[in-house]
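I record below what I looked up, entry by entry.

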Amino acid sequence: QYFIFAPRREMMKPSEKCGHVFVLHCAVDGLATDAALVTSTTEKEKEACLDESDTSKVRVYKGDLEGSKNIKEELAIIESYLQQAADHFEGKWSSFRRGKVLLALGLSSKHDASKRDDLIKKAYEVADQNGVDVALCIPDEEAFISTIKLRQEHCPIEGGPFWMLNESQLKEVERLASCQKSGRLSVFIGAGISIPSGAPSWGGLLEMLAVKAGMNEEDRGFLKELGFLDQPTILEEDMGDKFKPAVGECIAETARYTPGHAILKSLKSPAITTNYDTLYESAAKSAGKTIHQLPWDSTKIIHARVEGRSSLLKLHGCVNHPESIVLTRADYMRYPDTRQALRGFLHGMFLTSEILFCGFSMTDDNVHKIIDDIRKVRYIDGQPCQEGVFGSILTMTENKMFNRLWDQDFNITAFGKSWGDNPAWYHDAFLDCLNTSCIE
């Protein structure tokens with residue numbers, strides 16, 4: 001009996017600035033990325049060319065990937081794009097407030113994904129030498145899964161694709177993946193996931209609304225001295241029925257889905273969010289998937305027997321339904337009267353699954369009330385039971401006081417001691433690792 005051994009791959013230690021190579025189940029169009037390579041059948045050159053006409057924040061390159069006759073021609077176009085884009089962003093910050101510049105490219109299912117090993121190696125070469133992240137965006141699910149496995153097999157970095165994660169983080173990935181595979185994981189998406197989308201911050205949103213309301217500079221200065229719940233109250237008085245639709249306009253004008261949105265929807269777990277935007281839904285739609293928004297699509301789930309795994313509970317409303325947006329102090333005070341059914345739904349999720357909190361500050365009073373209700377039924381004699389935690393909280397930086405507040409009920413995973421450690425980068429790599437671990 002004879003055994004054929006594959007030649008041993010040469011492994012390299014990651015440089016101090018080495019980036020990460022994402023494999024995302026989404027289209028490159030709509031992704032919050034600093035540069036993107038898109039397919040263009042009118043571009044017949046054998047290398048990528050910058051689209052000078054594009055005026056968005058994304059630096060767009062075009063290449064005839066669909067017209068490439070084989071993997072070799074495809075790779076030549078991609079290599080020229082990665083090098084051009086990496087050279088352009090040398091020493092520059094990300095336009096989307098990311099920890100590292102992101103270079104994305106869309107891959108079709110035209111060529112056999114299992115033969116793209118040279119592409120994986122080139123992506124890591126650019127990530128390591130230039131200190132950028134690379135995202136391989138693949139809408140086709142079969143090709144996406146094949147490329148995930150290919151990255152695992154051909155990553156040339158010592159320690160594999162997730163060399164940057166420590167032992168405790170990898171152990172938490174393993175635990176969460178076990179929950180997901182058994183159908184016991186739900187995901188809570190906070191505003192932090194949307195920060196690199198280009199959408200305005202809370203303060204930025206209020207400033208945009210004040211401009212839309214026609215306030216002069218002096219009045220906008222006075223408005224800023226009020227609390228974040230009182231500012232919207234004044235703006236609603238000034239704008240009337242136009243106020244909440246204007247919220248949707250401000251968010252939709254600039255926002256693009258992030259790698260975080262694409263990864264989390266790929267987990268195929270029920271999701272909850274306090275965000276108004278539709279970026280999670282857009283990431284899914286770009287890959288041919290539909291996310292059902294609750295409460296508006298509840299009848300579709302019931303009568304069409306749609307899996308609850310494709311649902312998103314929107315606790316604070318949605319830009320598609322402006323009247324539902326929770327923004328003013330009055331909206332928050334009346335929440336128990338108007339959204340009790342949504343609270344009940346979340347109660348049920350806490351009782352039947354573990355909740356993974358991503359990008360959420362744990363400061364929302366409505367969520368605090370729900371967690372306290374769960375404590376009342378799961379605690380024994382006022383003390384946490386030993387059967388397990390409510391879920392996990394991913395937090396950017398270590399905070400021992402935050403841990404004291406929550407560690408009885410949740411596993412807490414931090415990604416840095418300070419913001420100087422680039423915790424958001426490690427956070428996204430953690431999510432990518434989790435999604436990879438959930439793929440059979």
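I looked up which residues of helix 5 touch helix 8, contact meaning heavy atoms within 4.5 Å. I found Leu-205, Met-208, Leu-209 and Lys-212 of helix 5 against Phe-243, Ala-246, Val-247, Glu-249, Cys-250 and Ile-251 of helix 8. I sorted the residues of this contact into 8 nonpolar, no polar and 2 charged; Ala, Val, Leu, Ile, Met, Phe, Trp, Tyr, Cys and Pro count as nonpolar, Asp, Glu, Lys and Arg as charged, and the others, Gly among them, as polar.

I note that the model is predicted: local features need pLDDT of at least 70 and side-chain atom pairs count only at pLDDT 80 or more, while totals for chains, interfaces and linings use all residues. Residues are numbered from 1 along each chain as its sequence is written, and side-chain values use heavy atoms, with hydrogens and water left out.

Helices (H or I, at least four residues) and strands (E, at least two) are DSSP runs, numbered from the N terminus. I then looked up the axes, which are lines fitted to C-alpha atoms, for helices over the stretch in contact, with angles from 0 to 180 degrees between N-to-C directions. Those of helix 5 (residues 202-212) and helix 8 (residues 243-252) come within 10 Å and cross at roughly 120°. Helix 5 is therefore oblique to helix 8, the class left after under 35 degrees (roughly parallel), over 145 (roughly antiparallel) and 65 to 115 (roughly perpendicular).

I found an open sheet of 7 strands in the order 9-10-8-7-11-12-13, with parallel pairing; two strands pair if DSSP finds at least two bridges between them. Strand 9 (292-294) and strand 13 (410-414) stand at the edges with a single partner strand each, so one side of each has no neighbour in the sheet. The twist averages 20° from one strand to the next.

Helix 4 (residues 167-181) lies across strands 7, 11, 12 and 13, at about 135° to strand 13.

I found strand 4 (residues 59-63) joined to strand 2 (residues 35-39) by 5 bridges, in parallel. Strand 3 (residues 49-50) joins strand 4 by 2 bridges, antiparallel.
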